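Open the model in your viewer and keep the sequence panel beside it. This tour says what to select at each stop and what is found there.

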Amino acid sequence: MAEYITHEHDVLIIGAGGAGLRAAVEASAAGVTAAVISKSLLGKAHTVMAEGGVAAAMGNVDDRDNWRVHFSDTMRGGQYLNMQRDFGGHRYARLAHVGDRTGLEMIRTLQDHGIHLGLDVFMEHTVVTLLKDGERIAGAFGYDRERGRFHLFRAKAVVLATGGIGRAYKITSNSWEYTGDGHALAYDAGAALMDMEFVQFHPTGMIWPPSVRGILVTEGVRGEGGVLRNKDGERFMFKDIPPLYVNQTASSEEEGWRYTQGDKNARRPPELLTRDHVARCIMREVKAGRGSPHGGVFSLPTLT
Ligand SMILES: Cc1cc2nc3c(=O)[nH]c(=O)nc-3n(C[C@H](O)[C@H](O)[C@H](O)COP(=O)(O)OP(=O)(O)OC[C@H]3O[C@@H](n4cnc5c(N)ncnc54)[C@H](O)[C@@H]3O)c2cc1C
């Protein structure tokens, strides 16, 4: 008996989150054979946890919004070094969502469509290395969790969609799957990795008590009037507003509150500045000894 099981497809997609499934749907629709591999069960990828929503400048909530403003917010949020999207940092309300189950609906729709198109799915399989034929990627090798059998996947094209690296951090909202495998697979196969320091942190999550450690506190809390305070009760976000954002940021707590209550003449509170900035301000308070007893700051649901 062979020591491994061999599978052959035109396109092999490693990762069954929104990115991987979308790639798989596209490949299948183009008429080639496609397979998706996932460390966990289909439908369990992190995409399912995206409860807040997806940013889209549709102009239906605020008619001043459009893709140009969205683009400008995105570039500004990345200090003009980026091509990525921010959640905090949006000038107008822009989140498209399906209740608090946006990711769930996305992933369910994608997987239903993919299965309908005839995708092959390998759940609870972990890829440990990419295979090369000369300088070309020719497949992947891994094992299944159920029986520990080895699997060799041959493919004409391999797509890496393995999600994030959250598990590199002591406190994280990320599940066991997110150990940066895609980065490692690519690196081991000879890819040059760039901008590795560009990790975006969602600034707020629970740190205490241990039973809730790592649970995300959505930006929606701050979007609806929640504020951040240090151990002295000070609303420290007002202390450091980057020059690029001064004109768009409330100059008083009262103005910030009005913004969160829908007043279009008010500017947004500093708690809604970009994620990198909010995260840095929190860290500064903690390092200066003004944090909470367990190493964070206080997130209060209202102005008071
Ligand atoms: C708690 C939480 C809330 C969030 N809320 C929002 C939100 O409201 N809005 C928003 O836009 N974003 C949100 N995000 C971020 C968003 O969920 C992710 O950016 C997005 O889902 C990433 O999708 P993806 O397809 O790249 O990866 P994932 O959905 O993370 O999927 C990665 C896939 O790769 C597989 N994989 C990894 N390594 C291997 C391997 N070695 N072998 C085989 N398979 C492997 C995994 O099993 C998984 O199937 C949130 C994230 C978290 C953690």
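Predicted model: local features only at pLDDT ≥ 70, side-chain atom pairs only at ≥ 80, totals over all residues.

Select Glu-124 to begin. Glu-124 is found in the loop between S5 and S6. Its phi is positive, about 50 degrees, although Glu-124 is not a glycine. Most residues other than glycine have a negative phi.

**The whole protein**

Now zoom out. Along its principal axes the C-alpha trace spans about 70 × 45 × 35 Å. Colour by secondary structure, and seven helices and 10 strands can be picked out. Of the 304 residues in the protein, 31% are buried. Of the contacts between residues at least 6 apart in sequence, 62% join residues at least 24 apart.

**The six-stranded sheet**

Select S5, S2, S1, S8, S7 and S6, in that order. These six strands form an open sheet with mixed pairing. At its edges are strand S5 (120-122) and strand S6 (125-133), each of which pairs on one side only. Neighbouring strands of the sheet are turned by 35 degrees against each other on average, direction ignored.

Next, show residues 4-14 and 34-37. These are strands S1 and S2, which run parallel and are joined by four bridges. Which residue of S2 is the bridge partner of Ile-14? The partner is Ile-37.

Move to S6 and S7, the latter covering residues 136-144. This pair is antiparallel, with eight bridges. One place to look is Thr-126, whose bridge partner in S7 is Tyr-143. Follow the chain to the hairpin of S6 and S7, where two residues lie between the strands. Gly-134 in this hairpin takes a positive phi near 65 degrees.

**A stop at Val-36**

Select Val-36, which is in strand S2. Is Val-36 buried or exposed? Val-36 counts as buried because it has 32 C-beta neighbours inside 10 Å, where 20 or more are needed. Show its contacts, leaving out residues up to four places away in sequence: Val-36 touches Ile-13, Ala-16, Gly-20, Leu-21, Ala-24, Leu-119 and Val-121. Draw a distance from Val-36 to Val-121. Their C-alpha atoms are separated by 4.9 Å, although the two residues are 85 apart along the chain.

**Helices across the sheet**

Select residues 18-29, which form helix H1. H1 lies across S1, S2 and strand S8 (150-160), and runs at about 170 degrees to S2. Draw a line between the end C-alpha atoms of H1. The 12 residues of H1 should span 16 Å at 1.5 Å a residue, and the end C-alpha atoms are 16 Å apart, so the two agree.

Which residues of H1 are buried? They are Gly-18, Gly-20, Leu-21, Ala-23, Ala-24, Val-25, Ala-27 and Ser-28. These buried residues pack against S1, S2, helix H3 (102-117) and S8. Just after H1, select Gly-31, which takes a positive phi of about 90 degrees.

Then select residues 181-188, helix H4. H4 lies across S1, S6 and S8, and runs at about 20 degrees to S6.

**Around the ligand**

Show the residues around the ligand. There are 31 of them, and Gly-15, Gly-17, His-46, Gly-52 and Gly-163 come nearest. The shell divides into 11 nonpolar, 16 polar and four charged residues. H1 and S6 each supply at least two residues of the shell. H1 gives the most, with three residues.

**The loop between H4 and H5**

Finish in the loop that leads from H4 to helix H5 (219-223), where Pro-209 is found. Select Trp-208 and Pro-209 together. The peptide bond from Trp-208 to Pro-209 is cis, with omega near 0 degrees. Most peptide bonds are trans.

Asp-195 is a residue other than glycine with a positive phi, near 55 degrees. Asp-195 counts as exposed because it has 9 C-beta neighbours inside 10 Å, and the limit for exposed is 12 or fewer.

Methods: Residues numbered from 1 in each chain as written. Contact = placed C-beta atoms within 7 Å. Pairing = 2+ DSSP bridges. Axes fitted to C-alpha atoms, helices over the stretch in contact; angles between N-to-C directions. Expected span 1.5 Å × (residues − 1). Near = placed C-beta within 6 Å. Nonpolar A, V, L, I, M, F, W, Y, C, P; charged D, E, K, R; others polar.
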